Each structure stands twice: as C-alpha cells, then as structure tokens.
Amino acid sequence: MNLEHNNKAYRIDGVSIKELAEKFGTPCFVYSESSISKSFQEIKDVFGSDKKNIYYSVKANSSLSILKLLLNMGAGFDIVSMGELDRVIKIGANPKKIVYSGVGKSESDIKHSIELGIYCINVESFAELERINKIAGDLNIKAPVAIRVNPNIDPGSHEYISTGLESTKFGINLKNMMDAFIYADKEQFIDLIGIDYHIGSQIETLDPFIEAIVSVSKIIKELKSKDINLELIDMGGGLGINYEKNTSPTMKQYGEAINKAIKDNELDSYNLILELGRSIVGNAGYLITKVEYIKKDSEKNYVIVDAGMDNLIRPALYGAWHNIVCINTNNEEKILCDVVGPVCECSDFLGKDRELSVKQDDILVICSCGAYASSMASNYNSRPKPPEIIIRNGEAILISKKEEISDLYSREIII
Ligand code: LLP
C-alpha cells in the first residue's frame, strides 16, 4: 500500500490526500503509478521471458493511461469486448499481443478480431467454434484459436467469481472439450494454437493454480496422443490481493510456484500467458470520499459519505471488504458504524460495522480500489462518474475528467 501517514497527514506517494480532495473534489479515484509499475515489475522479474508473457486483464481497470503505462512496461492484453479492444488499440497495443475471451462473442466481434489479426480468440463453446469457422471461411483467413477448458477446480473464492467450476457458463467442460479440440484441429479455417483456462479471481492460495496446470498437462498429453499439437497455454489470471488480512501470496511466490509447476509438468516449451488484473492494479487505487452526515440511530450509526455503490459496487455485490481510513485527526470517540453512500438502496454500503473516529466533513479513504471499482462503476441514481487521478513522480495528474450531469443524458432523445 502506498498510503503513508506521517506528521499527522495522510499521503499517497507523497501527495497530501487533503489537498487532492480539495483540488479534484470528492468522490475521486486516486492511483499510485509507482505501485502499479512495482506489481507489474515483480511478476515480470520472475515470469518474464521470450516464452513467458504477462497480459493485463483490461476489465480490472480500463483507464487509457493505466493501459499505456502497462504497454510501455511490456504487457500484452486480455480483452473481453470490442470496447476493451478499441481501448488497447487506441493506446498502440500490437494486435499480436491481444487475446480475446468471453462467452458471448457476436458475429461482428469475431469478424473484427480476425481482420485485426489478434493473437488468439479463446473459444468458450462448440457453437462459438462453428461460428468462428464460418466467419473465417467467409473472410478466407485462418482464425487463431485456443479452446478454453473448464477444469472444474474450486478456487476457494466468492461463488460469483469462481469461473473454473463446471457449474458456471465459462469454458468447455472436461467431458466435451476433446470434441472441440478435434473439430478445431480438422477445420480448414481454424488455426488451433492453444489451450486456455481461467479458474477464478481473488484466489488466495497457490494450490488451485497448480492443480489447474496439472490438469492441463494431462489434457495436452491426451491431445498429443491424437497428434494434436499446441503452441500456447493461456493460464488466465486470478491471483488475489490483500484487502483485509495478509493472506494472498506475493507476485514472487505466485510466479515461482507457476514456474515450478510448468517445469515439473514439462510444459516449458509452450508459449505461456498469464492474464492478471487485480494483482497488478488492485492495491494501487483509492476512492477518496467526504463525510456528508453522521446519523446516529438507536440501532446503528451511519456515516453517510458522498461515494456510493455507483462508484464501488464490490461490497454490495460480493459482500467485499475494503479498508476504510479517516484521514482527519480528531479527538472524536470511535463509533461503531456503517459507512454508506447516498444511493437509494439498502445495499449501498462501503463498509459495515467499522470502528471509526469520524465527524462531519472528514475525508475517508476507501483502500484497494484500483481493480473492479471504476471499471464496474455505473450512473445509477443519475450520478456522474468521479474524476480519476494518478500520482506520477510526486505529481497528481488528472487521467479522467469528472463526468458532467449533462453528459448523462447527452445521448438521449426527448420525444
Ligand atoms: N482472464 C479472464 C478470462 C477473466 O475472466 C478475468 C477476470 C481475468 C483474466 C483477470 O482476473 P484477475 O487477475 O483480475 O483476478 N468483479 C470481480 C472480479 C471479476 C473477475 C472476472 N474475470 C471483483 O470485483 O472481485
């Protein structure tokens, strides 16, 4: 974490949070560039080589400036929509370093990706494979694909983000995947280059990652016996970060464990991709918010702030826990409270049962908001999206302007 506290002032990479709040207004997102670079460099140091590629999962935080930063550090990109594809192309990414996942690719999505010449389409169903074959045939271009398998591994995280379980919509299950490989291998307009999986997100132990590698190595052996040879293993992302406790493995531990499993299973010769999102940006972002009111009820104390579930939906959606820090030093007695937003939903909370020493107009910092915060934000209750700022070399730079209320209805037509 880059949140520092010295001389009674809270700072992010040396910049006073009080001054950030005054200059940019609240709520606002603030990112530490050094923290993002450090995380990326940490995994690159253990897992960066010709055959070992780190792709950034754009959905975690799709800010153009953050994408550009990671591109400059050598990242490839994992995208799941044409919107994400357009973003990475806009910042100058090489199509040959883009992989495309997702269960619902439309005809035009597939056509555009093939024409652009991206490295790989990660196929999630037999029907998608047939569609790709047809479109590639019409274009007379061979489409590079990897089959996304669902290895039925429990990553031990929240059920909404446990994508590697057979009960989810993701990938092709172990029973049906061989048919998909055989079809892809024989079809004229499909260039079967690899195998792909992504077992889940916010995974806090190394075992599921290893289990997945072992499972994939068995599939690869079976494929070889059928004379189907691949060049790529896309291992997905999923490494967790520390929100509350120091439980997640470090990038180094993760990279070393993957390296060992790859070696033990004799998979060194493959082109390997990691698709990491949260572990690169998650702990590098903060949501800065102001206390509007303190409401003391007999049952509960509510700290009502100007950020809400429209800015950070993770607590409402997954019951996620984010550390909340009050940056003002005051002598208020700590109160047990729920930190809630202004949105008209009971689920609009940022933290429950917190002990905070806090008063009206204080500034609170919601930590670990670099991933799946701004990228999942909405305009619910017609609330404009907050500005986003990055700290680079001790300077606060605006990377996304605050949305204006008029932006919210700029596409609407009054009839
Ligand atoms: N690759 C694929 C195919 C994915 O679906 C995902 C995330 C990633 C890579 C990156 O996973 P990461 O390294 O960030 O764990 N909104 C949820 C997380 C959803 C993750 C969806 N897929 C949250 O806020 O916890």
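A polar contact is a pair of N or O atoms within 3.5 Å. Keep that cut-off in mind for this tour of a predicted model.

Start by selecting the ligand and S201. An N or O atom in the side chain of S201 is 2.4 Å from an oxygen atom of the ligand, so the pair falls within 3.5 Å and counts as a polar contact.

Next, select G277 and R278. In G277, a backbone N or O atom lies 2.9 Å from a ligand oxygen atom. In R278, a polar backbone atom is 2.8 Å from an oxygen atom of the ligand. The ligand exposes 590 Å² when taken alone, and the protein buries 93% of that area.

Now show the surface. The ligand sits in the largest pocket. Two elements, β13 (271–276) and α11 (314–318), each give two or more residues to the shell around the ligand.

Select the whole shell. There are 19 residues around the ligand, and those that come nearest are S201, E275, R314, Y318 and Y372. Sorted by class, the shell has six charged, eight polar and five nonpolar residues.

Colour domain 1 (3–31 + 283–408) and domain 2 (94–276). The ligand lies between these domains because both give residues to its shell.

Two backbone details come last. Most residues other than glycine have a negative phi, and most peptide bonds are trans. Go to P27, in the loop between α1 (17–24) and β4 (28–32). The peptide bond from T26 to P27 is cis, with omega near -5 degrees. Then select D13, in the loop that joins β2 (9–12) and β3 (15–16). D13 is not a glycine, yet its phi is positive, near 45 degrees.

Conventions
Residues numbered from 1 in each chain as written. Predicted model: local features only at pLDDT ≥ 70, side-chain atom pairs only at ≥ 80, totals over all residues. Heavy atoms only, no water. Near = heavy atom within 4 Å. Polar contact = N/O pair within 3.5 Å; in protein donor to acceptor, adjacent residues only side chain to side chain. Areas by Shrake-Rupley, 256 points an atom, 1.4 Å probe, with all protein chains shown as cover. 1 Å grid on protein atoms, 1.4 Å probe; cavity = no way out; pocket = protein on both sides within 12 Å on 5 of 7 lines; lining within 4 Å. Sits in = over half its atoms within 2 Å of the grid points. Helix = DSSP H or I, 4+ residues; strand = E, 2+ residues; numbered from the N terminus. Nonpolar A, V, L, I, M, F, W, Y, C, P; charged D, E, K, R; others polar. Domains from an automatic or database assignment.
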